[in-house]
Amino acid sequence: MIDIKEILKEYSARFNAEIETLFNDASGPEARVVEAMKYSVMNGGKRLRPYLVYETAGLFGKSFEQSFQAAASLEMLHSYSLIHDDLPAMDNDDLRRGKPTCHKQFDEATAILAGDGLLTYAFEILAKADYSADVKIELIRLLSQGAGAFKGMVAGQMLDLYAEKVTNPENPLELIGHIEEMKTGCLLSYACEAGAVIGGADVQQRKILHDYSRKIGIAFQIADDILDAEGDPQLVGKTLKKDKDQNKLTFVNCYGVEKARRISTDLINQAVEIVSVFGNRGRNLQALAHFIIDRNF
Ligand code: GRG
């Protein structure tokens, strides 16, 4: 049986050693912003998105080295979103991954700049990467759309803020689904699409990986909601039960924990089936899908 936790741990160790070197060049008093960027990136994340890039590129025979630059770029961008999400003007969190959030460890202005720095650095890494020009342009197009303000992560965050102010939305489930798709789903989908692009996947293979990413994306968000409702704060590493206290529109608040859990299990079974077309090569993606809902952090 595949020990996906061990595989993820080994991948993370290698990934962390490499990504840390990307913060070496700073000097002078302005290096404080790079210190804050590095603090947030090297702060013990699960590295799910980089691992997805690596594993999906691996379906097409690509190595750790060949997927690393896209994986690192994505983790920079993901870390920016968490720094900004934690700010007092957004979710106002003191803890992230069990440690003080960036604005608590540094200060608010530095945290805003660290987020800006990471977002920009993500695209610098892609632009300088060793991929062909066509691959780089496609990656930059997909990442900017997925992270962006029209149908991407920024749009999802905006809709989430809007939803907090609406007391009785007409169709709450549709609204939650739409928020999830943009806020968290887009970057998870990008991770799989990036692997497919690096691997030279054909249209059909890209569609399969996109479908897989959508199933695990919704299940990931449901798992996150369940952890907020009944996780162990020590393991999750952030303040929990905020969704209930703030009466937030979430899958758990709409369905209740048990039904939400059943829905996420169904989604994961579908995701596992979708990547079964890759045979043995897709086994780690299947194990990862299970990990997404079985995790306790
Ligand atoms: C501020 C533009 C902007 C966007 C923020 C991603 C996001 C949008 C907010 C995070 C809020 C949140 C907790 C969403 C639930 C899903 C999620 C993205 C969790 C964090 O991702 P993990 O669990 O984090 O992969 P680690 O720490 O493992 O990297």
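## Cavities and pockets: what the words mean

On a 1 Å grid over the protein atoms alone, a cavity is a set of points where a 1.4 Å probe fits but cannot get out, whereas a pocket is an open set with protein on both sides within 12 Å along at least five of seven lines. Lining residues have an atom within 4 Å of a point. Grid points are joined across faces, edges and corners, and a volume is the space filled by probe spheres set on the points.

The structure you are looking at is a predicted model, in which local features need pLDDT of at least 70 and side-chain atom pairs count only at pLDDT 80 or more, while totals for chains, interfaces and linings use all residues. Residues are numbered from 1 along each chain as its sequence is written, and side-chain values use heavy atoms, with hydrogens and water left out.

## The ligand and its shell

Let's begin with the ligand. There are 19 residues around it, and Lys46, Arg49, His78, Arg97 and Asp224 come nearest (a residue is near a molecule if one of its heavy atoms lies within 4 Å of it). Sorted by class, this shell holds five nonpolar, seven polar and seven charged residues. Here Ala, Val, Leu, Ile, Met, Phe, Trp, Tyr, Cys and Pro count as nonpolar, Asp, Glu, Lys and Arg as charged, and the others, Gly among them, as polar. Which helix gives the largest share of the shell? That is α4, with six residues. Helices α4 (64–86), α8 (153–165), α9 (172–199) and α10 (203–230) each supply at least two residues of the shell (helices, H or I with at least four residues, and strands, E with at least two, are DSSP runs numbered from the N terminus).

Now look at single atoms. A polar side-chain atom of Lys46 lies 2.6 Å from an oxygen atom of the ligand. For His78, the distance from a polar side-chain atom to a ligand oxygen is 2.8 Å. Arg97 has a side-chain N or O atom 2.6 Å from an oxygen atom of the ligand. Taken alone, the ligand exposes 700 Å², and the protein buries 93% of that (accessible areas come from the Shrake-Rupley method with a 1.4 Å probe; for residues, only the protein chains shown count as cover).

How many cavities of 30 Å³ or more does a search of the whole structure find? It finds two. The largest holds about 100 Å³ of space, and among its lining residues are Tyr39, Asp86, Arg96 and Arg97. Helix α4 provides the largest share of this lining, four residues, and α2 (31–41) and α4 each supply at least two. By class, the lining divides into five nonpolar, four polar and three charged residues.

The second largest cavity contains about 40 Å³ of space. Its lining is made by Asp85, Met90, Asp91, Gln157, Asp160, Leu161, Glu164 and Lys248. Helix α8 gives the most to it, with four residues. Two of the lining residues are nonpolar, one is polar and five are charged.

Two or more residues of the lining come from each of α7 (133–147), α9 and α10. Helix α9 gives the most, with eight residues. The lining has six nonpolar, eight polar and four charged residues.

Arg96 lies in strand β1 (residues 95–96). Is Arg96 buried or exposed? Arg96 counts as buried because its relative accessible area is 15% (buried means under 20%, exposed over 50%, and partly exposed in between, with a 1.4 Å probe and protein chains only). Its side chain makes a polar contact with the side chain of Asp86, at 2.9 Å. A polar contact is a pair of N or O atoms within 3.5 Å; within protein, one must be able to donate a hydrogen and the other to accept it, and residues adjacent in sequence count only if both atoms are side-chain atoms.

Arg97 is found in the loop between β1 and β2 (99–100), and at 18% relative accessibility it is buried too. Phi of Arg97 is near 50°, a positive value in a residue other than glycine. Most residues other than glycine have a negative phi.
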